[in-house]
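Me: I am new to this structure and would like to go through it slowly, asking at each step what a term rests on.

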There are 2 protein chains.
Amino acid sequence: MDLTQFRPLDDKLLVEYIKATPALSSLLGNQFDDLTIKEVGDGNLNYVYIVLGAAGSFVVKQALPYIRCIGESWPMTKERAYFEARTLKEHGGLCPEHVPEVYHFDVNMSLIAMRYLKPPHIILRKGLIAGIEYPLLAEHISEYMAKTLFKTSLLYHSTTEHRKAVAEFCGNVELCRLTEQVVFSDPYKISEYNRWTSPYLDQEAEAVREDNLLKLEVAELKSMFCERAQALIHGDLHTGSVMVTNDSTQVIDPEFAFYGPMGFDIGAFIGNLILAFFAQDGHADQENDRQLYKQWILKTIEDTWNLFQNKFIKLWNESKNGEAYLEEIYNKPELRNLVQEKYMTDLLHDTLGFGAAKMIRRIVGVAHVEDFESIQDNAKRAECERRALGLAKELLKKRREFKSISQVVAAIKEVAH
Amino acid sequence: MDLTQFRPLDDKLLVEYIKATPALSSLLGNQFDDLTIKEVGDGNLNYVYIVLGAAGSFVVKQALPYIRCIGESWPMTKERAYFEARTLKEHGGLCPEHVPEVYHFDVNMSLIAMRYLKPPHIILRKGLIAGIEYPLLAEHISEYMAKTLFKTSLLYHSTTEHRKAVAEFCGNVELCRLTEQVVFSDPYKISEYNRWTSPYLDQEAEAVREDNLLKLEVAELKSMFCERAQALIHGDLHTGSVMVTNDSTQVIDPEFAFYGPMGFDIGAFIGNLILAFFAQDGHADQENDRQLYKQWILKTIEDTWNLFQNKFIKLWNESKNGEAYLEEIYNKPELRNLVQEKYMTDLLHDTLGFGAAKMIRRIVGVAHVEDFESIQDNAKRAECERRALGLAKELLKKRREFKSISQVVAAIKEVAH
């Protein structure tokens, strides 16, 4: 087969492709007789195949030049696969424990082959809906965020390295534009793509569109998203981009990666945990009222931020090369503490702002979350969403008043009562 | 001569070069007999030749691969000429009234030929030292800043255009690094390049290095300079980068241009006007106490900001294409006023922060300004500088408390008394 030209794969073409690609056929020990191929892409954008052979396995992900869940009417550059592979390798180099290994990238085919995350790995979001506790989740994800964000920022890099990498990732503009539209714009205006649990939340959706203060704050966050090249962020770090088992946490799908504000990643993760929290009442039944599980989610939110902060500061204290805070200037312990406290407080506020924006768009925007969608009873689902939306609006507008994550958890509990 | 390879010009080679370059020889009507060539580069970085012929004239500027005022020991990419020519053309297209026309750019020779700004054009800084009023200065420079900053920002562009241009200007990283060092770093640490009016300001220079709050705030400004791609800024818009007559204002030398924070340009200009203000007492003599001129400078500071703000908002209200504030979302007059007020207040704070940082570095850093340097009496100069430094520290640390430019002018008057 001609490997120099793009064509969408199917099961049969995929086998041909593997046979023609030594990096992949060798992973299978060149045995193709009892291959199992399963298409499992349940995301919004791409096709994903699991390839299982007698001697080995891997996953193949192919980007098509449109958005899968909408169709060819919403084109989307397949060059996103390049930025995904590039970021998997970069973040994987910085944090190999929590990023799957890339075996092969084909720029013409927009195709990535990577480590197959075997069962019992499942998408974290599904685990949260099922009420499963992951005791190492906060430890792992905070490690991933601290390492990838710190080590792609000016706290670690020279400005020469930084501007070069920033320039490269400017090329991922189409994916950024998708975020700009669905996170920062559509929920705040009439849009054909918006939907919500109607008629229960009709007033709430309208209130979002009419809330001047909310729209003022969202504008600031959108500008920061578009202008501020703080670190190489994942760009879509919700609970559907994380696969977990009891003792493994793997971050996948960084096709939205670019140099943006760190708070967008941390906020995406924490915001989606908050959504999971508010969805629990909809999953409660006579066997399990989910009260203990809600406590675990709150503890995980608190631990994620606090562990992230500790790890991030530790990396900062160990690093000598970053150019944002030169050691000769920020030399005294009390000054170092001062700048680090300010940095982390600002980052918490960015995190709450972006996290809240991501929550809002999942309730009144185009793409919803299974946490809520899987609640069959419309009235019950609407009640869960109403509370989450109320909290999100408060977080977005008052984010600068929060001094610590425990105050955020207190605010969540307040709304939950 | 071989035009494909870089070599530093002198008067004789320049004539050869002009003869071999139709775009230039035609400007002189192909008459080379009574050419006058004068090297006039008084800046820190480049060589500048005025070429006068019977039939025409132009200026030739060549970048050498080091910093002229320091020598080959401080190398500096000659590719800066590309970014200077690129920006002269871009800003010139947006505001032709206040940017000299580029006739010819030679990437191999790092050479720009542009309009000769004939006498009585002089460098604004020299006019300010001489005590000359320029009645149209605020009107003109505010027009230049409003048009160039607004029309290269996301208030006017799509994010697609923006990221493409941002990526290109990431290539001007070496010049950005020079600013990072001399503006945001060196003044706040012991550096071999730093100097000040010693011994008078020895304590003041040390106080700058020991001021934790000042260093905390400078770090935030440095990060904004390195991370925030708000608009295509000139990058060095002090009063030495502006040439003036009574009725003409021309902005030159944008070799530091990149996508950075708007406040860095506005602050550079206003900060240097404040330096000019504090230098006046050193230029006063029995004939002229400079009191009226000081009033004129203060009025020019106030007018510059207020006119800039009015013009910027006018452009904003006329523009439909910018993606930062979509019209469908920011549709109501009261919301539009709210976001514009917030934007301008934030921009004023950025302006004061960057302006103050630029003032500080001109008093205790490597490159000083002729406004002060031309005051012969050391004690008198030190007293002028001390007041300017005191105000700059206050502006930098308390910039968020200022609600209007008139409050800034009041603070200047307070220190001047």
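Me: Which residues have the most contacts inside the largest nonpolar core, and how many residues does that core have?

Reply: In this predicted model, the largest nonpolar core has 246 residues, and those with the most contacts inside it are Ile301, Phe308 and Phe372 of chain A together with B:Ile301, B:Phe308 and B:Phe372.

Me: What does A:Phe308 touch?

Reply: Leaving aside residues up to four places away in sequence, A:Phe308 touches A:Ser142, A:Met145, A:Ala146, A:Leu149, A:Ile266, A:Asp303, A:Met344 and A:Leu347.

Me: Why is the pair B:Glu227 and A:Arg228 called a salt bridge?

Reply: The closest N and O atoms of B:Glu227 and A:Arg228 are 2.9 Å apart, and the rule asks for a side-chain nitrogen of Lys or Arg within 4 Å of a carboxyl oxygen of Asp or Glu, so the pair counts as a salt bridge. Across the interface of chain A and chain B the rule finds 10 salt bridges.

Me: Which element gives the most to the side of chain A that touches chain B?

Reply: That element is H9(A), with 11 residues, and the residues on this side of chain A divide into 23 nonpolar, 8 polar and 15 charged.

Me: What is the area buried between chain A and chain B?

Reply: The two chains bury about 4300 Å² between them, with carbon and sulfur atoms giving 54% of this area. Of the area that chain A buries against chain B, A:Arg163, A:Leu216 and A:Glu227 supply 18%, more than any other three residues.

Terms used
Residues numbered from 1 in each chain as written. Chains lettered and ligands numbered in written order. Predicted model: local features only at pLDDT ≥ 70, side-chain atom pairs only at ≥ 80, totals over all residues. Heavy atoms only, no water. Buried area = accessible area lost by both parts, 1.4 Å probe. Helix = DSSP H or I, 4+ residues; strand = E, 2+ residues; numbered from the N terminus. Nonpolar A, V, L, I, M, F, W, Y, C, P; charged D, E, K, R; others polar. Core = buried A, V, L, I, M, F, W, Y, C linked by side-chain atoms within 4.5 Å. Buried < 20%, exposed > 50% of the residue type's maximum accessible area, 1.4 Å probe, protein only. Contact = heavy atoms within 4.5 Å.
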